[in-house]
Amino acid sequence: MIMDQALFRGMTDREADETMRCLKAVRKEYSKGSYIHHAGDIISSLAIIESGSVLIVQEDFWGNRNIIMEATANESFGEVFAVTRTPLSVSVVAKSDVTILLIDTDMIMSPCSRQCASHTTLISNLLEDIARKNIKLNEKLTHVGKRTTRDKILSYLSSQAGKSGSDSFDIPYNRQQLADYLYVDRCGLSTELSKLQNENLIRFNKNHFELLL
């Protein structure tokens, strides 16, 4: 539902529906693994994820990939690049089959839009959403700034435990994706995870982890 999406916080269903019609939002679907945006693209619309999830990634000339972050249902992406018309420094890839709503930022920021209270709420929510993403990026810098793969893993898992409020939790990444997120080699990641488990610091099965005292 529209009301669940961050950019429509503080609106009734009717206000959100009216705002979507006013902004002429366009719905698009992408299959798992397909590119929604490529690095270098210039975009004019932010995207709201209705269902599924996407990965925001950086790729070098040889195809090596670093995951910047994941965006899931009811989250948005592309806001800063759409507003500034700056060429994308990242690519956006569908992690699963995904449905998104595209909203032209010119429609949001235009003078006529600001006459509507719902549009004012939308702009306020947009700024808050951008701030939340900056917090996520700062959190990632904390993890990848650690010197060793072991320290990066422990920093990330500790953070996930704190977010879940439990020492037993699921992470959103498979092994390759976690390696890409932490900027480490997949083999090195697997080796360190096995060592941590042998030391009785963690237990894991696929993407489920448990931290041990």
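The following dialogue examines a predicted model and the reasons behind the terms used to describe it.

Trainee: Why is Glu-79 called buried?

Mentor: Buried means under 20% relative accessible area. Glu-79 has 3% relative accessibility, and therefore Glu-79 counts as buried.

Trainee: Where is Glu-79 found, and with which residues is Glu-79 in contact, leaving aside its neighbours within four places in sequence?

Mentor: Glu-79 belongs to helix α2, which covers residues 79–84. With those neighbours left aside, the contacts of Glu-79 are Leu-46, Leu-126, Asp-129, Ile-130 and Lys-133. Contact here requires heavy atoms within 4.5 Å.

Trainee: Is Leu-212 buried or exposed, and how do you know?

Mentor: The limit for buried is under 20%, whereas exposed needs over 50%. Leu-212 stands at 19% relative accessibility, so Leu-212 counts as buried.

Trainee: What surrounds Leu-212?

Mentor: Leu-212 lies in the segment after β11 (208–211). Beyond its neighbours within four places in sequence, Leu-212 is in contact with Asn-200, Leu-201, Ile-202 and Arg-203.

Trainee: What lies between the strands in the hairpin of β10 and β11?

Mentor: Two residues lie between the strands of that hairpin, in which Lys-206 takes a positive phi near 60°.

Trainee: What makes β1 and β6 edge strands?

Mentor: They belong to an open sheet of four antiparallel strands in the order β1-β8-β3-β6. Each of the two, β1 (26–30) and β6 (76–77), pairs on one side only, and they are the edge strands of the sheet.

Trainee: How is β8 joined to β1 and β3 in this sheet?

Mentor: Five bridges link β1 to strand β8 (residues 98–104) in the antiparallel sense. Six bridges join strand β3 (residues 45–51) to β8, and these strands also run antiparallel. Since at least two bridges are required, both are pairs. Opposite residues in β8 can be named as well: Glu-29 stands opposite Thr-99, Tyr-30 opposite Val-98, and Ile-48 opposite Leu-101.

Trainee: Why is β8 called mostly covered?

Mentor: A residue must be under 20% relative accessible area to be buried. Six of the seven residues of β8 are buried, so β8 is described as mostly covered.

Trainee: What makes a group of residues a nonpolar core, and which residues have the most contacts inside the largest one?

Mentor: The members must be buried residues of the nonpolar kinds, joined through side-chain atoms within 4.5 Å. The largest such core has 21 residues, and those with the most contacts inside it are Tyr-156, Leu-157, Leu-182 and Leu-189. Two or more of its residues come from each of β4 (53–59), α5 (149–164), α6 (175–182) and α7 (186–198). Another core, of 16 residues, lies apart from it and includes Ile-36, Ile-68, Val-92 and Leu-102.

Trainee: Which residues line the largest pocket nearest its centre, and which element gives the most to the lining?

Mentor: The largest pocket holds about 360 Å³ of space. Its lining has 19 residues, and Ile-56, Gly-78, Phe-81, Lys-133 and Leu-137 lie nearest the centre. Helix α4 gives the most, with four residues. By class, the lining has 12 nonpolar, five polar and two charged residues.

Trainee: What can be said of the second largest pocket?

Mentor: The second largest pocket has a volume of about 260 Å³. Among its 16 lining residues, the closest to the centre are Glu-70, Lys-136, Lys-163, Pro-172 and Tyr-173. Again α4 gives the most, here with five residues.

Key
Residues are numbered from 1 along each chain as its sequence is written. This is a predicted model: local features need pLDDT of at least 70, side-chain atom pairs count only at pLDDT 80 or more; totals for chains, interfaces and linings use all residues. Side-chain values use heavy atoms; hydrogens and water are left out. Buried means under 20% relative accessible area, exposed over 50%, partly exposed in between (1.4 Å probe, protein chains only). On a 1 Å grid over the protein atoms alone, a cavity is a set of points where a 1.4 Å probe fits but cannot get out, and a pocket is an open set with protein on both sides within 12 Å along at least five of seven lines; lining residues have an atom within 4 Å of a point. Grid points are joined across faces, edges and corners, and a volume is the space filled by probe spheres set on the points. Ala, Val, Leu, Ile, Met, Phe, Trp, Tyr, Cys and Pro count as nonpolar, Asp, Glu, Lys and Arg as charged, and the others, Gly among them, as polar.
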